[in-house]
Amino acid sequence: MKKLLFSMVLMLPAMMSIGQEEPLTFEKAIQLGLERNFDVKIGINEAILAENDIRIGRSLLLPSLDATNIRTYRREDTEQTFLNDPDVPRVIAGAETTTNNYSLVAFYGFSMDAVVALQRLGKLAEVSELEAKVTIENTVAAIATAYYRLVLEQQRHNVLQTALELSRERVKISKAQYDFGRASRRDFLAAQVDYNADLTALVNQDQVIKNSKVNLNELLVIEPNKEFVINDTITVSDNLRIEDLLDNAYENNKQLLVNQRMQNVAYLQVRELQAQRLPTIALNGAYNNNFLESEAGFLLTNQQDGITLGATISWNLFSGFSLNRRIQGAKIQMQNQRHFLDQFEIQMQSDIQRTFNVYNNSLRLMDIAKENYQVAIENSDIALDRFRLGIANYLEFRDAQVNRLQAENGLIEALYNIKEAEIELMRLSGKIYFTNPYEKVF
């Protein structure tokens, strides 16, 4: 992809020269943001939770197995009367009875709605991961915009610095001309006023730079007063095509994929409710081992062991039409989700078209601004020479100076607008960070 790199005087690398400085490249800023940004961390954790829900859902299709051990001890006085000798009772004081029972019970219940529910959980996990990617892409776009905004404001600072130097030169010339009687004091005072105005603009720009740095630091989750050096110029692409952007968006736009998955979820919700009309099958089995030891009664010991098998088929025949109402509501929700998907497709197409219009128009404006910038520089130099020679008055020189300032700002703004539109187009087309929409985020 062809890149346009403008290395003019006003496009010098932006430098933050306050206090202790560290270099911060664009790539390093993105890396810091992805490692530290809390929105990214929360999004990834939500995707992990959704993945855990699938594992929990799978357990619904597995049998359960319970092991039980019951041990009892009984001590009591017993009096027994036998049929063959009813007149002579048998009295046992402190008779003891011990019972020990082991059981192993297995249960397996199968219903179609559980199978569909597991499929629905799988789609929801995909949605959570795609939403995490949306968060990551939005964070990358925000960091890129804030980063290049800081570059823009520093370049604007350079422009204002140049304007201030021209005003300082004008003050010197006006002072010299006034001292030699070639200009009035009014011209000297006017030059001083314009110098102060340019100095005020430069001081205000210092504040804008500081706040822009704080905005970037906030996205990178570092201290607001952290100082660093920006070593980048702004590079832009001049060959983006609307057709390629739309094709990429339909394949890679994560929010579009989320809406598609949510439509699948709504469909599976209908199937899950419809499956509740089908019979439910439950299989159960148990192994029991029971041992009884007694010093009273007819049996001294009794031991039993064996297995028990069983099956249950249940079928809900009538539930007061509540299931029908839930199915009807799920179908309406499925229709709404289809409308949401169609609506988002139109919105996505419109956003791409609007942003591409800004991108394309900014490219045209940049060509005009480049030409205007060259003319304004030459005109400013000529006006300065004429002012030194006393041929031009201060109004002509100030007018040339202001035109140069506006031309430089116009070129910077056009370049930044192209970059901002490019970032948004990459985000909308799903290409700003992930090259593969199915790439895992954890």
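**Close-up views: a cavity and aromatic pairs**

**View 1. Helix H8 and the largest cavity.** Helix H8 (residues 394-428) supplies the largest share of the lining of the largest cavity, 4 residues. Helices are DSSP runs (H or I, at least four residues), numbered from the N terminus. The lining consists of Ala163, Asp198, Arg398, Gln401, Val402 and Leu405. It divides into 3 nonpolar, 1 polar and 2 charged residues. The volume of the largest cavity is about 30 Å³. On a 1 Å grid over the protein atoms alone, a cavity is a set of points where a 1.4 Å probe fits but cannot get out; lining residues have an atom within 4 Å of a point.

This is a predicted model: local features need pLDDT of at least 70, side-chain atom pairs count only at pLDDT 80 or more, and totals for chains, interfaces and linings use all residues. Residues are numbered from 1 along each chain as its sequence is written, and side-chain values use heavy atoms, without hydrogens and water.

**View 2. Phenylalanine 26 and tyrosine 147.** The whole structure has 4 aromatic pairs (ring centres within 6.5 Å; planes under 30 degrees apart are stacked, over 60 edge-to-face, the rest tilted). Phenylalanine 26 and tyrosine 147 pair edge-to-face, 5.5 Å centre to centre, with 70° between the planes. Phenylalanine 26 lies in helix H1 (residues 26-36) and tyrosine 147 in helix H3 (residues 112-179), so the pair ties together parts 121 residues apart in sequence.

**View 3. Phenylalanine 356 and tyrosine 359.** This pair is tilted, with ring centres 5.9 Å apart and planes at 35°. Both residues are buried.

Technical notes: Phe/Tyr/Trp six-rings, centres within 6.5 Å; stacked < 30°, edge-to-face > 60°. Helix = DSSP H or I, 4+ residues; strand = E, 2+ residues; numbered from the N terminus. Buried < 20%, exposed > 50% of the residue type's maximum accessible area, 1.4 Å probe, protein only. 1 Å grid on protein atoms, 1.4 Å probe; cavity = no way out; pocket = protein on both sides within 12 Å on 5 of 7 lines; lining within 4 Å. Points joined across faces, edges and corners; volume = space filled by probe spheres on them. Nonpolar A, V, L, I, M, F, W, Y, C, P; charged D, E, K, R; others polar.
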